[in-house]
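Visitor: Could you take me through the charged contacts and the main pocket of this protein, with the cut-offs stated as we go?

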Amino acid sequence: MSDPITVVMVDDHLIIRRGLRAILEEPGTPPVEIVGEAATADAALELVEQFAPRVLIADLKLGDSFEPGLALIQQVRRTSPHTEVLVVTGFDDGDSLLRAIRAGAGGCISKADQLNGAEIRAGIVEVA
């Protein structure tokens, strides 16, 4: 069995974090280990600094705007270059996704898609 991919999640909605955690804690290949979760960009950055995860799963819109999410992606890419960013967002318009990629995200998943655990895990593997 391979080593698990370590993950930190950030989303300002508890139900999304709990749902992702439940999906990703199901057995699968490769294994995923959630080492932390946060509701804010600042808290997520602290977790990334503490745990140095392989992947940060980040909501693009944290609070009332995209700026905290975009700033978080940029900061993580500067301070933890080994941590890749997978954006999970409800905003799948081209402009928002392009901004996330330009900020340094390795990939994006839409919350509107009906993805199962294997598909979400595939997204994590793809950015990792």
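Guide: A salt bridge here is a side-chain nitrogen of Lys or Arg within 4 Å of a carboxyl oxygen of Asp or Glu. This is a predicted model, in which local features need pLDDT of at least 70 and side-chain atom pairs count only at pLDDT 80 or more, while totals for chains, interfaces and linings use all residues. Residues are numbered from 1 along each chain as its sequence is written, and side-chain values use heavy atoms, with hydrogens and water left out.

Visitor: Which residue meets Glu 37 in a salt bridge?
Guide: Helices (H or I, at least four residues) and strands (E, at least two) are DSSP runs, numbered from the N terminus. The side chain of Glu 37 is paired at 3.0 Å, N to O, with that of Arg 17. Because Glu 37 lies in strand β2 (residues 32-38) and its partner in helix α1, the pair ties together parts that are 20 residues apart in sequence, and the partner is Arg 17.

Visitor: Is Arg 17 buried or exposed?
Guide: Buried means under 20% relative accessible area, exposed over 50%, and partly exposed in between, with a 1.4 Å probe and protein chains only. Glu 37, at 28%, counts as partly exposed, whereas Arg 17, with a relative accessible area of 11%, is buried.

Visitor: Which residues are linked with Arg 17 in a network of salt bridges?
Guide: The side chains of Glu 25 and Arg 21 also meet in a salt bridge, at 2.8 Å, N to O, and Arg 21 is partly exposed at 24%. The network links Arg 17 with Arg 21, Glu 25 and Glu 37.

Visitor: How far apart are the closest N and O atoms of Glu 84 and Arg 77?
Guide: Glu 84 counts as buried at 18% relative accessibility, while Arg 77 is partly exposed at 25%. These two form a salt bridge, and their closest N and O atoms are apart by 3.8 Å.

Visitor: Which element supplies the largest share of the lining of the largest pocket?
Guide: On a 1 Å grid over the protein atoms alone, a pocket is an open set of points where a 1.4 Å probe fits, with protein on both sides within 12 Å along at least five of seven lines, and lining residues have an atom within 4 Å of a point. The largest pocket is lined by 13 residues, with Leu 20, Ile 23, Val 88, Lys 111 and Ile 120 nearest its centre. Both α1 (14-24) and β5 (107-110) supply at least two lining residues, but the largest share, five residues, comes from α1.
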